[in-house]
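Subject: Structure handover

Hello,

Here is the structure for your files. My notes on it follow below.

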Amino acid sequence: MTRPVASPTQGAPDPSAPAAPSIAPKAPVPGTRALNFKPSLKRLLGLLRPEKVLLGVILVFAIASVVLTVAAPSVLGHATNLIFNGVVGEQLPAGLSKDQAIAELRADGQNTTADMVSGMDVVPGVGIDFSAVGWVLIFVLVLYVASSLLAWAQGYMLNIALQRTIRNLRASVEKKVHRLPLKYFDSHTRGELLSKVTNDVDNVSTSLQQTLSQLITGVLTVLGILGVMIWISPLLALVALLTVPASFAVTAVIAKRSQPHFVDQWKHTGKLNGQIEETYTGHELVKAFGRQAEVEREFGERNDKLFQSSFRAQFISGMIMPTIMFLGNLNYVIIAVVGGLRVASGTISLGEVQAFIQYSRQFTQPLTQVGALVNLVQSGVASAERIFTLLDAEDEKPDPADARVPAVDTGRVSFENVSFRYHDDQPLIEDLSLVAEPGHLVAIVGPTGAGKTTLVNLIMRFYEIDSGRITIDGVDTREMTRDELRERTGMVLQDTWLFGGTIRDNIAYGDPSASEEEILEAARVSYVDKFVHSLPNGYDTLIDEEGNNVSAGEKQLITIARAFLAKPLILILDEATSSVDTRTELLVQKATAALRSDRTSFVIAHRLSTIRDADLIVVMEDGHIVEQGDHDSLLRKRGAYQRLYSSQFS
């Protein structure tokens, strides 16, 4: 079982060491169009593929709902005809046939009225059939109720499909984060990464939820209404279709101009989140150095850039809806005029015109909605692009299929002609050879940027070496799985990491299967037991996310207890006492001494007083080992180690 002891992201390179190169695809350049809008949209919709069966059922429900909705105005037009026929029929002389009534109207010179009556189903002298009108209205009500129920069922199932898709997307992002190499985290701010994992995923979810249902219903409604309009009157249908090309042209032109600004909007959102997260984490430092004004100025600049890109994106895309509404109203006026003339000529009935006008409004409404949804689609695709750049980032090198493990675990670590560099043109560690015998304490010293932390990161395979090999008990670490390797290794870092939970939970993180007695024993050996009883709830004391309710030294002791519980074969201590006071340092030294017992240990230290008893002291400069030996022999050489020692104790 793998027992994680320290967060991999804590093993960052020395501050002055060359930074790791970025391996993520390049971010969109401000003011340019989205990198891959169509492929990203296609890939985003492809996430719905596992839900294709449910989507098929949703489509059937949507079609049925649209059919009922489209049928209702036509049926309602029949009710209008019944009323209008009754009104006109009541004004005609009773006892005459329809043809006789028309002949009398023409004889009286009322040719227009005669033409209108000829196109109507009237009985002279007979008024409105309210019973028939009532049954028609009840039927229309049934149609609308059934359509609403189908639409509700469609929306419910679509919500299930979308939520499962977003859940899978979040899971994919989470798994991807765990597969990324450490150099990815070194080259991207935490705020930017968190923005992709949270804000962008939420924005994709919102965009899909608000657009997909309306797009499906809108497209089906347009097709259904278009068919009915052509059936009622091809001429009026042609008039209605005149605005469609104009609507699509307007949408395409405006969308093309607004998409780059949506890309900028989410890019600036990520940068702003990164700056906020960085400032919040270092809030005390900002206060101590009086840099509030500079931080506020930087925040203001980033906030202004986000405002500008957001304003342009929303303003430009927001022009689509009013433009399409104007075209729809213009279309409505033309249909009303042409339809009135055709009713007067008897070519079409009033109920059909009334239904057609209602259809024309329903026809333009989905087009208007689609126009209004364009900005959501663009925003969602812009976020999806950012998520896909994360998902497409290079994974860490996979573990070998035929992994090996040492036959005997002794803890012998060997560096054999190891070379490593963060950038191809900037050498860091060149042809380094070093042997740590089982149970020995190896101290690594040197100036900042010499490659000390990088050396232990290579042991943990946080980075892959360029040449040579590192072996543990004769087995190349690249031939072992990372879990097997890290199960044998424990780390105590300068930057302590505690999660929100109890002190007991934080210690047990070293071995989740440990018993209560084992946890308490680790706490006693590491001197955690010494201070924990002074806390209100003892081992059940909750540590907040920042660990502010325990001191720096106490946090360090908890991390040592965690490493002690893991029982690692190889121990790495990276400046474990650099940030604590002298009294706490003595406790930490005692705890680490107990922890190092019978283990191969690597200690990175600037305080040379802490490593005088090391079996081997390795002095590094510019990625090379310049000296190695024990404390006394290195002082006698009067070389690099002696200069470091003298600078601290002279």
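The second largest pocket is lined by 36 residues, and Leu215, Thr251, Val370, Val374 and Val377 lie nearest its centre. A pocket here is found on a 1 Å grid over the protein atoms alone: it is an open set of points where a 1.4 Å probe fits, with protein on both sides within 12 Å along at least five of seven lines, and lining residues have an atom within 4 Å of a point. Two or more lining residues come from each of helix H1 (37-46), helix H7 (190-232), helix H9 (243-281) and helix H13 (350-391). H13 gives the most, with 11 residues. Helices (H or I, at least four residues) and strands (E, at least two) are DSSP runs numbered from the N terminus. The volume of this pocket is about 830 Å³, taken as the space filled by probe spheres set on the points, which are joined across faces, edges and corners. By class, its lining has 24 nonpolar, 9 polar and 3 charged residues; Ala, Val, Leu, Ile, Met, Phe, Trp, Tyr, Cys and Pro count as nonpolar, Asp, Glu, Lys and Arg as charged, and the others, Gly among them, as polar.

On provenance: this is a predicted model, in which local features need pLDDT of at least 70 and side-chain atom pairs count only at pLDDT 80 or more, while totals for chains, interfaces and linings use all residues. Residues are numbered from 1 along each chain as its sequence is written, and side-chain values use heavy atoms, with hydrogens and water left out.

The chain averages a pLDDT (the predictor's confidence in each residue, from 0 to 100) of 80, and 89% of the residues score at least 70. Over residues 1-34 pLDDT stays under 50. Where pLDDT is low, the predicted coordinates should not be read in detail.

Next, the sheets. An open sheet of 4 strands runs in the order E2-E1-E4-E5 with antiparallel pairing; strands pair if DSSP finds at least two bridges between them. Its edge strands are E2 (429-436) and E5 (475-476). E4 (residues 467-472) pairs with E5 over 2 bridges, and Ile472 stands opposite Val475.

Another open sheet has 6 strands in the order E6-E9-E10-E3-E11-E12, with mixed pairing. E6 (489-492) and E12 (624-629) each have a single partner strand, so one side of each is left without a neighbour in the sheet. E3 (residues 441-445) and E11 (residues 616-621) are parallel over 4 bridges, with Leu616 as the bridge partner of Val442. Helix H22 (residues 640-649) packs on this sheet, touching E3, E11 and E12 (contact means heavy atoms within 4.5 Å).

E11 and E12 pair in the antiparallel sense over 5 bridges, and Ile617 stands opposite Gly629. These two strands form a hairpin with 2 residues between them, and Asp622 in the turn has a positive phi of about 55 degrees.

Regards

Definitions and conventions: Axes are lines fitted to C-alpha atoms, for helices over the stretch in contact, and angles run from 0 to 180 degrees between N-to-C directions.
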